[in-house]
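Please look over the sequence and the model shown here. The paragraphs after it go through a few features in turn.

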Amino acid sequence: MITALGVVMLVVHGVRSLLGPEADTWVLLQFAFIPARYEPAYIGEALGPDVWTFVSYAFLHGSLAHIGINLLWMVAFGSPVARRFGVGRFLAFFAVTAAAGAVAHLLTHQGEIVPLVGASGAIAGFMAGAVRFIFAAPGFAGMGPQGFEHTMRQPAAPLGVVLRDRRVIGFVAVWFLINIGIGVGLPVGTEAGGTIAWQAHIGGFLAGLLLFPLFDPLPRLRSDADVDRFFDGDRA
C-alpha cells in the first residue's frame, strides 16, 4: 500500500508537470484544499470539491523533493501501520487523518486562498498510530525485524497507559516541539517553496492518536491485569 500510494502521488505530479499553468490551476481548484472555499459567500458553489478536497489534497505535492520527503516518512511510519491494519483499514485511516489535517488547517487559516497540498497530515497520523503499538507492546523486542513482528501481534494498550511510557513521551514531546518551532518561525525548512502546514500536521497526529482504536483489528488491553502486564519486566 505504501508503494501504491507513492506511485499515485508520483503519477499525479508527473501529469501536473505536463499541464500548462491554466490547466494546473484548474487541478488545484478541483483537488487542493483551499480554506476560502468554505467562506459563507462561496460554500456550496462547488459541492464536489467542497467534500473530496479534504482528502484529495494529500495526493498533490509542490515538487519531487516534497514527495520524496513525505514518502520517506510514510515508509518509516506507514509501513507498520499498514501491516497491522490491512488494506481497507489503512486506506480509511489515511483518509481520516488527512481530513483531520485539513480541518485543523481550515480552523487556523479561515478565508485563506493559498491551497494546502501534501500528505503530511496523514503521515503525521501514521506516526501517531505507530506510537500506539510499536513502543507500547508488552514485551517490546526492539526496533529490528523481530521486534516489529512481535508488535504486529500484540494488542494495543489504552492511550492513558501508552502516554506513561518514557519513549512515547519523548517521541511525542520532540514531535510537538518541532512543529511548534515551525509555527513560531524557527528556520527548519519550507514545504514546496512555501510555508509548512504545521497545523495540518498536528490535526493529523491528534486524529491518529485518538482514533487509532477505531481502526485497529486487534483487541485492546482493558483490565487492570492487562495494564500490569503492560508494565512487566520486559519493559523495565
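**Salt bridges, a bent helix and a surface patch**

R84 and D216 are joined by a salt bridge, with 2.8 Å between their closest N and O atoms. R84 belongs to helix α4, while D216 sits in the loop between α10 (198–215) and α11 (224–230), so the pair ties together parts that are 132 residues apart in sequence. R84 and D216 are both buried. The model is a predicted one.

In total there are 3 salt bridges in the structure. One of them pairs D24 with R16, at 2.7 Å from N to O, and both of these residues are buried. R167 and D165 also form a salt bridge, their closest N and O atoms being 3.3 Å apart. Here R167 is partly exposed, because its relative accessible area is 34%, whereas D165 is buried, at 6%.

Helix α4, which holds R84, spans residues 64–85 and bends by about 45° at G78. A proline, P80, follows within four residues of that point. G78 and P80 are both among the buried residues of α4, which also include H66, I67, N70, L71, M74 and F77. Just after the helix, G86 has a positive phi of about 85°.

V7, V11, V15 and L19 make a nonpolar patch of about 300 Å². V7 is part of helix α1 (residues 2–18). In an α-helix there are 3.6 residues a turn, so residues three or four places apart point the same way. V7 counts as partly exposed because its relative accessibility is 44%, and exposed would require over 50%.

Key
Residues numbered from 1 in each chain as written. Predicted model: local features only at pLDDT ≥ 70, side-chain atom pairs only at ≥ 80, totals over all residues. Heavy atoms only, no water. Patch = residues over 30% accessible without salt bridge, like charges linked within 9 Å, V, L, I, M, F, W, Y side chains within 5 Å. Areas by Shrake-Rupley, 256 points an atom, 1.4 Å probe, with all protein chains shown as cover. Salt bridge = Lys/Arg side-chain N within 4 Å of Asp/Glu carboxyl O. Helix = DSSP H or I, 4+ residues; strand = E, 2+ residues; numbered from the N terminus. Buried < 20%, exposed > 50% of the residue type's maximum accessible area, 1.4 Å probe, protein only. Bend = angle between axes of the 7 residues up to and from the residue.
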